[in-house]
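The report below looks at how the parts of one protein model meet, first within a chain and then between chains. Please keep the sequence and the structure in view while reading.

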Amino acid sequence: MNIEKIIDDTKAYFCIECGICTGSCPISRIDSNFSPRLMVENLLLGEEDDVIRSKKLWSCLTCKACSSRCPASVDFNQFIMRSRIEAKLLGENGTCTHAGTLKAMMELQTTEFFRKSKEWIPENFKVTDRGKFYYFVGCLPFFNIIFKDINVKSIDIAVSALKIFNFFGIEPVISENERCCGHDHYWIGEFDVFKTLAEYNLKTINNSGAEVVFFTCPEGYNMFKEVYPLYFGKLDFECVYLPNFVNEKLRDGDFSFLETEDKVTYQDPCRLGRFMGIYEEPRNLIQNIPGIVFKDMPRNRANSLCCGSSNWINCTSVNKLIQVERLKEAENTGAETLITGCPKCEIHLNCALFDRDNNYNIRIKDITTLIAEKLGGK
Amino acid sequence: MNKKDPEIIIFACEWTPYIGADNAGVEMQQYSPFVRIIRVICTGQITPSNILTAFKNGADGVMIAGCEEGDCHYIVGNEKCIKVVEETKQLLKFSGIEPERLEIKLFTEVDGSTFASIVNKFVMKIRKMGKVQTEVSS
Ligand code: SF4
Ligand code: SF4
Ligand code: FES
């Protein structure tokens, strides 16, 4: 096993046993048996079975709440990811959520014959096959089918993106050959699947002649911007999170927002916030919508609480409690709408919202959808 | 096996259709050699991931064989499966695989000839559609 390499690469040996990670971890707060500090210690002390063979290995959300505060800069996310690769080799596995549908759906995309249908594109929108600007749709069409039962219409995000593109006179490339970004397989230690998906994506985008690739999903954005280059070298195109692009247009005074009446708060997705450091742009956009009342939750920006689940594994009552906690926190700001920047936050928080045991007076909306609704005159 | 031969997976519930498959053997009914039958306790056990994985691994058609409506031994397993099939057809459609390649058939009879003829009909349909496209156009 490559235990020593894991320790080396993640700088686990620097750990000073302060326990800040466990104190920061949303899972540990509810499940006292889960401790990132202990995992690091166990691996250092050679008790690797307690880490690699443990079911707890699969409970980590990879939300970075721990590593972003670690005084010794131990990269706990890498630690988990690498340990999972070892665990997979030993036949260990997390428990797939949604009966494995999402995982199977992503693996279907590793086949040569897979073609992502463009049927979701409404007639009156302008898109193209080749050009300078590429829109990475990602898994939205599939989420839209799988999560319709909890009233999540993920495809609205993609349609909203098209509305934004066309508003600014851009005809984005949308490709049938695009695959899932590989985010989830990367984080659950199935490196081969991730690599196959990434190779398809790079080939597709390079063939389209794109110079700029736009994202509405922070996971895809993070994968392309930070992970792909680690394995495939510098990319031939620029990656842009679509709301950031709109934010620049706003700053340049290219357009204005329509007036609205809404009280909102904002959920920082971990991939966007703690991973990529994008905190202010979405807030700036929201606050520039005339008439909107914005109030941050007590835990915001780098201290934001994860939406409770990631990578489509190990969703338990612990995860549900995290979501309930977050929804209550959002409600307590007096907000009627919780804005988030990630399609998965939207799904996970809606799942808790859908649970009729609790009555909430809040709804969830993606920031791309919000922008598209409120685009005003130029 | 010829490269052009279709590969077809049948998930068969053990209470009705699987008995039919057994009887087909006893009655020496001939049916297409391109099918592989996977026995399940009830169609309610089948998830979209089972079907998607079959296609990922090269299936050209997937048939789900269950018990008649109102006759599921686990009460609503087959009704649940009908919903699963609907959802999976959507997922297939958005993946460039014709949704007609997936079918659910509910069996009322356990005799071998019924099983053989239903299977043959499905195989014929898939043969007409050909293999799941493999040419590369990217
Ligand atoms: S926060 Fe860092 S140094 Fe402190 S216990 Fe956790 S891994 Fe070790
Ligand atoms: S990444 Fe998040 S869930 Fe995982 S140990 Fe760190 S704080 Fe806990
Ligand atoms: S028992 Fe046959 S379908 Fe449920």
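Domain bounds, as used here, come from an automatic or database domain assignment. For chain A, that assignment gives domain 1 (3–89), domain 2 (98–246) and domain 3 (253–374). This is a predicted model, in which local features need pLDDT of at least 70 and side-chain atom pairs count only at pLDDT 80 or more, while totals for chains, interfaces and linings use all residues. Residues are numbered from 1 along each chain as its sequence is written, chains are lettered from A and ligands numbered from 1 in the order in which they are written, and side-chain values use heavy atoms, with hydrogens and water left out.

**Domain 1 against domain 3**

The centres of domain 1 of chain A and domain 3 of chain A, taken over C-alpha atoms, are separated by 27 Å. Their contact (heavy atoms within 4.5 Å) takes 17 residues from domain 1 of chain A and 19 residues from domain 3 of chain A. Buried area is the accessible area (1.4 Å probe) that two parts lose on being put together, summed over both; for these two domains of chain A it is about 1,400 Å², with 57% on carbon and sulfur atoms. In domain 1 of chain A, the residues that lose the most area to domain 3 of chain A are A:Ile30, A:Leu61 and A:Cys63, which together make up 35% of what that side buries.

A salt bridge is a side-chain nitrogen of Lys or Arg within 4 Å of a carboxyl oxygen of Asp or Glu, and the rule finds 1 salt bridge across the interface of domain 1 of chain A and domain 3 of chain A.

**Chain A against chain B**

Between the chains, the contact takes 25 residues from chain A and 22 residues from chain B. Chain A and chain B bury about 2,000 Å² between them, and 65% of this area lies on carbon and sulfur atoms. On the chain A side, A:Phe113, A:Arg115 and A:Ile145 supply 30% of the area buried against chain B, more than any other three residues. Across the interface of chain A and chain B the rule finds 1 salt bridge.

| Residue pair | Closest N and O atoms |
|---|---|
| A:Glu325 and A:Arg29 | 3.8 Å |
| A:Glu119 and B:Lys93 | 3.2 Å |

**Helix H18 of chain A**

Helices (H or I, at least four residues) and strands (E, at least two) are DSSP runs, numbered from the N terminus, and a residue counts as buried when its relative accessible area is under 20%, as exposed over 50%, and as partly exposed in between (1.4 Å probe, protein chains only). Because 7 of the 8 residues of helix H18 (residues 367–374) of chain A are buried, this helix is largely enclosed by the rest of the structure. The buried residues of H18(A) include A:Ile367, A:Leu370 and A:Lys374. Among the elements of chain A against which the buried residues of H18(A) pack are helix H9 (155–167), helix H13 (242–251) and strand E7 (363–366). At the start of H18(A), the backbone nitrogen of A:Thr368 has a side-chain oxygen of A:Asp366 within 2.8 Å.

Methods:
A polar contact is a pair of N or O atoms within 3.5 Å; within protein, one must be able to donate a hydrogen and the other to accept it, and residues adjacent in sequence count only if both atoms are side-chain atoms.
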